[in-house]
Amino acid sequence: MTLSVQQRGSVFLVLALSLLLLGITLSFSGHDWQRVMQVGVGVGGLLYGLATPVGRLLDKPTAIGLALVFGLGLISSSLAHQPLWALTEWALMLTCGVIAAAFARLRRNGDQTLDQALILFVLLLCLIKTLQYGYAGVLAFTSGKLTLDTDLLLSGFSNKRFYGQFQTITLPLLALPLLLPSTSRLMRGLVFALLCAWWLIAISGGTRGTWLGIGVAALVLAFLGAAGRRWLVWQVAALCGGLFLYWLLFTVLARYLGLEIASLSSDRLTTNLSGREVIWWQAWDMIRERPVLGFGPMHFADIPNPIAAHPHQAILQWASEWGRALGLVCVAAGAARWLGRVEGDPSARVDRCTARPDASVSVRSAAGRGGAGDGRRGDCDALFATLVGAGGGLADGIASVARAGCRADTADASGLASGGCACGGVIGICRIPRSAWLH
């Protein structure tokens, strides 16, 4: 029996989301298991792409830019001191591209059902992790020990900063149901409660990059129209709720029970570089020594230093390992894509229905490329690629509808799409500063 295109998409969607769910929620989940999960999602995306009709996903400038990026990256990998390391990182980036392309094609072959499925999936993920956090908190408060370490309340990731990266991706998306007029009052209240709890976990985790990333993205979204400002209002309200819960649990209740709290989030509010100046200068020296093709992907770790195996800064890592030439290619391809869309459609200059989604997609795409990071996040890379692919398909679909005619109902749909795509922009933006600020 031959499956239809929609049925093949449903099979891939169930497979991908199941693997993502298992990789993030299982108690024994860690770096290696999440890498296996990511490979599984990538293979599924490749098979889905081969089993569906060929369609154009990228315009010419973007396609040329990506071909140059991966072509030059392959040359850089072959010339590297540790070619196997470099090719592994190169393959990781290619896998993320396959995942994003698969979900973009899935969105274009389907309808809004995929959008609803992804939002429900994000809600389910965050709900499960919140319940796990709450269960660990109950055990910690009732264990009889005099010290409570908040780091032990986080599970499912080999490093709490990877948990913070996961929250950086999902925090913006949790507010999306609150922006939809079709959401019932009861559901809106439940989602807001979950968002408050998610902010509680983000605060107690003490990941400065998450706070900084969301803060920078909030400043951007404040200028992206009414949808962005509504998103910002909900996030600020949820942040206040999370702060109140944090004070209630780790100050009032802990003091009442006579517990000493270890790893307080206030301990992370420092302004020192934590030794990052050493690895930043190393990255800069690598850039000056090999400015064109770099030392090869993942090759910052090939030069020993007493601080870290990566520079904790995405742009420096990209330039030192992949070379500045690839950065210029990305900028040129992005500029050509934007100019091509404006020149090809003169109405895009003034048509708000078209401009708002396109602008937010451009922000998301540029930020996502700039925030390639250290390549060690496993499930977060796969989840990020999934959302970028799906968000790209959604935005292009809304933009095409807007070009057909700027009616009132289309403008409303465009506003909601702008909010959703702006969330994608937050995801990408938050990836840029995070590596620079975490221990």
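At what angle do helix α5 (residues 112-141) and helix α6 (residues 160-174) pack? The angle is about 130°, and the two axes lie 10 Å apart. Here an axis is a line fitted to C-alpha atoms over the stretch in contact, and angles run from 0 to 180 degrees between N-to-C directions. Helices are DSSP runs of H or I with at least four residues, numbered from the N terminus.

A quick word on the model: it's predicted, so local features need pLDDT of at least 70 and side-chain atom pairs count only at pLDDT 80 or more, while totals for chains, interfaces and linings use all residues. Residues are numbered from 1 along each chain as its sequence is written, and side-chain values use heavy atoms, leaving out hydrogens and water.

Back to the helix pair. On the α5 side, I119, V122, L123, L125, C126 and K129 meet Y163, F166, T170, L173 and L174 of α6, where contact means heavy atoms within 4.5 Å. These contact residues divide into nine nonpolar, one polar and one charged.

Now for the loop between α11 (276-289) and α12 (314-321), where M298 sits. H312 lies in that loop too. Most residues other than glycine have a negative phi, but M298 has a positive one, and so does H312.

| Residue | Phi | Relative accessibility | Class |
|---|---|---|---|
| M298 | about 70° | 28% | partly exposed |
| H312 | about 55° | 10% | buried |

Buried means under 20% relative accessible area, exposed over 50%, and partly exposed in between (1.4 Å probe, protein chains only).

Terms used:
Helices (H or I, at least four residues) and strands (E, at least two) are DSSP runs, numbered from the N terminus. Ala, Val, Leu, Ile, Met, Phe, Trp, Tyr, Cys and Pro count as nonpolar, Asp, Glu, Lys and Arg as charged, and the others, Gly among them, as polar.
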